[in-house]
Amino acid sequence: MNHLEPASQSRQQQIFTVTRLNSAVRMILEQDLGLVWLTGELSNLAMPSSGHWYFSLKDMSAQVRCAMFKGNNRRVPFRPQDGMQVLVQARVSLYEPRGDYQLIIESMQPAGDGMLALRFEELKRRLGAEGLFDEGRKRPLPREPRAVGLVTSATGAALHDMLTVLERRAPDLPVFIYPTQVQGSAATAQIVSAIMLANRRAEVDVLIVGRGGGSLEDLWCFNEEAVARAIAGSAIPVVSAVGHEVDVTISDFAADLRAPTPSAAAELVAPDRRTRAQRLVHLRQRLTQAMSRHQVAARHGFVLLQKRLDHQDPKRRLEQQSQRLDELDRRLQQHLRDRLHQGERRLAGLAMRLQARSPEKLLAIGKRRHQLAEERLHALIAKRQDLARHRLAMLGARLDGVSPLATLGRGYAIVRTPSGEVIRRASQVNAGQTLITTLAEGALRVRVDEVDNR
């Protein structure tokens, strides 16, 4: 038995509840896989009023359920539709209540630009892992450069903008132009060559590499690895000024400084004192305003946290629970009193009903009813007797009125044969026959001498 106990305990330790299993699987998926990139076709897209998006991402032979919460889908620059090919960055997860494997989408873009974006992210990750973008490698720009170099198209608008800014801010500053293509398949090699040429000549103190705005494909030469390594390996500090402010390239990460536009890059490498003073005043105002807003926000946040703390304070909650307990106790006592009063009223009613139905009272009522019934019976008997006497008297009078004896008393007689037959007609009697004549008093036996039938 002792050898079996550890195995039994081991099996018991591996027993999961469904909730615990789903939670463990979700943590494994989210921690081990992390963020993944994948492409596919949108289907079953649902956009409920909550602001979240729910859909499936599928290819020719499989599909997976996805959720993109409103905090992330607000950054999607287009309106997704069923059937659209997209590239997404997602976390692999599990919806615990149903045990459904799903993806939590962090970002989404059309598949065309998405493949370039995927290459962008892969190169950015790889070069970043090498330390090519480390802040420790960045060099400060010279405060008073002796000359500025421009690596850009000789016919582009960006060159004109930079020259205009440099002329306005530092008219005496020498400018060297290293012309190159900034778009197309040959642009990458030309940009690398121009940077290397500027480093060989060593005639400038700062180098601006850039061009005007365009699509992701137009700017792609500044996302090539060769350009990034040439910028990072330059002995001359490099300012990256590619596209507009929203455009971000690999060159921006490799350069010593990123400028949002070519014109801004020219302003950064040739700042004048008046503009610098004005900018400092403006920055001070912005800093003051930002600090004021931050203080207001912090104060507001502190008030909210204080309210939350007051609301969640154990002492406050204990007081609230104690007050609620007192209220419940008061309601319970009131309920018990009400029930007690109801019971007392009901008991009083039952006592009255019992008293009304007590044997003594019922016996007294029965005796009274018996006495009344007896009196009524005696009265009824006496009445019945009087009625019977009266009726008997009436019947006696009537009987006397029809009695033969009364008739006989007036002088009549009843003649019968010895056998008792009453003689009503003369034809019933023969001469010589003996008859019995009954009088009012007594009777006579007579013999018939003659019969007259007239």
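User: Is Asn44 buried or exposed?
Analyst: In this predicted model, Asn44 is exposed, with a relative accessible area of 55%, where exposed means over 50%, buried under 20% and partly exposed in between, computed with a 1.4 Å probe and protein chains only. Local features are given at a pLDDT of at least 70 and side-chain atom pairs at 80 or more, while totals for chains, interfaces and linings use all residues; numbering runs from 1 along each chain as its sequence is written, and side-chain values use heavy atoms, leaving out hydrogens and water.

User: Which strand does Asn44 lie in?
Analyst: Asn44 lies in β1, which covers residues 35-46; strands here are DSSP runs of E with at least two residues, helices are runs of H or I with at least four, and both are numbered from the N terminus.

User: And what is phi there?
Analyst: Phi of Asn44 is near 55 degrees, a positive value in a residue that is not glycine. Most residues other than glycine have a negative phi. Ala202, in the loop between α6 (187-201) and β8, also has a positive phi, of about 50 degrees, although it is not a glycine.

User: Switching to Asn223, where is that found?
Analyst: Asn223 is found in the loop between β8 and α7 (225-232), and at 2% relative accessibility it counts as buried.

User: What does Asn223 touch?
Analyst: Leaving aside residues up to four places away in sequence, Asn223 touches Phe120, Leu123, Leu216, Val248, Thr249 and Ile250, a contact being heavy atoms within 4.5 Å. Asn223 and Lys124 are 99 residues apart in sequence, and their C-alpha atoms are 8.9 Å apart in space.

User: Which residues of α9 are buried, and what covers them?
Analyst: In helix α9 (residues 262-269) the buried residues are Pro262, Ala264, Ala265, Ala266 and Val269, and their cover includes β6 (148-152), α5 (157-169), β8 (206-211) and β9 (238-242).

User: How many disulfides are there?
Analyst: The count comes to zero disulfides, taking a disulfide as a pair of cysteine sulfur atoms within 2.5 Å. As for individual cysteines, Cys66 counts as buried at 4% relative accessibility, and Cys221 is buried with a relative accessible area of 5%.

User: Zooming out, how many helices and strands does the protein have?
Analyst: The secondary structure comes to 13 helices and 13 strands. The radius of gyration, taken over C-alpha atoms, is 65 Å, well over the 22 Å that the globule rule gives for 454 residues, so the protein is more spread out than a compact globule; that rule is 2.2 Å times the number of residues to the power 0.38.

User: What does the C-alpha trace span, and how much of the protein is buried?
Analyst: Along its principal axes the C-alpha trace spans about 210 × 75 × 60 Å, and buried residues make up 27% of the 454 residues. Among contacts with a separation of 6 or more, 59% come from residues 24 or more positions apart.
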